[in-house]
There are 2 protein chains.
Amino acid sequence: MIGRLNHIGVATPSIEDSVRMYADLLGATQAGQPFELPAQGVRVCFIDLPNSQIELIEPLGDDSPIHGFLAKNPRGGQHHVCFEVADILAARDALRAKGATILGTGEPRIGAHGTPILFLHPRDMGGVLVELMETPKEAH
Amino acid sequence: MIGRLNHIGVATPSIEDSVRMYADLLGATQAGQPFELPAQGVRVCFIDLPNSQIELIEPLGDDSPIHGFLAKNPRGGQHHVCFEVADILAARDALRAKGATILGTGEPRIGAHGTPILFLHPRDMGGVLVELMETPKEAH
């Protein structure tokens with residue numbers, strides 16, 4: 001079912017500081033422009049690697065789900081892993097049929113790449129917060 | 001400096017259970033054979049994705065560094081991220097010159113893919129445990 005590892009999600013108290021760190025220390029200089037996803041309470045920025053991406057995630061607004069993560073991990077840290085799927089609704093229904101828990105309402109939202117996404121409960125995924133993202137039609 | 005995202009490292013109390021979970025729930029069925037890295041106190045298994053890999057890591061021996069992680073995260077979870085570099089010693093020296101801390105002695109060890117690896121202190125990397133791995137000569 002899952003395809004490419006689209007990105008790893010890394011929470012940070014400051015996207016700008018993290019972009020600078022990845023560029024200065026690791027030479028990963030291909031960062032896009034940060035943008036806001038108000039419905040998800042996050043501000044994000046993608047750093048391109050040759051085969052995948054790092055998604056930097058910063059809290060946006062008082063209700064951001066990232067505040068709790070940063071309270072436990074003040075420097076930031078690994079937040080989620082995003083795998084591509086061909087059809088998000090088919091993936092959701094297949095996972096539910098096998099007993100996995102979809103977070104939230106279970107209705108896909110539009111993610112940072114403009115395609116529908118869902119998150120799976122870490123309890124079913126070996127402690128890993130897994131995002132599933134429908135593969136962009138024009139990609140790859 | 002960094003190139004491909006070679007793999008994400010995921011700690012687990014049971015490689016066999018995790019392999020089954022990734023296959024049954026996520027359809028990621030391309031798992032290699034588990035093998036031991038005694039010098040690093042881990043047993044590992046790679047699951048292939050089209051563009052990257054998931055490295056499952058299980059404690060090996062009483063001194064395994066994974067025991068502490070699993071004590072805090074009994075189901076397992078995201079442990080590290082591995083980026084490829086062309087030259088591990090050049091990468092180490094450049095990072096040290098910029099003030100980053102290399103874990104352990106700073107001398108590269110041979111990693112799960114048979115090439116030299118190093119780990120960087122998460123404190124310098126936005127809370128992320130970063131592995132650097134020299135790109136295999138015949139790969140890609």
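Trainee: How many residues of chain B are in contact with chain A?

Mentor: Good place to begin! This is a predicted model, where local features need pLDDT of at least 70, side-chain atom pairs count only at pLDDT 80 or more, and totals for chains, interfaces and linings use all residues. Residues are numbered from 1 along each chain as its sequence is written, chains are lettered from A in the order in which they are written, and side-chain values use heavy atoms, without hydrogens and water. Taking contact as heavy atoms within 4.5 Å, chain A contributes 38 residues, and the number in chain B is 38.

Trainee: Which residues of chain B lose the most area to chain A?

Mentor: Buried area is the accessible area (1.4 Å probe) that two parts lose on being put together, summed over both. Chain B and chain A bury about 3,300 Å² between them, with 65% of it on carbon and sulfur atoms. On the side of chain B, 22% of what is buried comes from three residues together: Leu25(B), Leu26(B) and Gln78(B).

Trainee: How many salt bridges are there between chain B and chain A?

Mentor: The rule asks for a side-chain nitrogen of Lys or Arg within 4 Å of a carboxyl oxygen of Asp or Glu. Between chain B and chain A, the count is 0.
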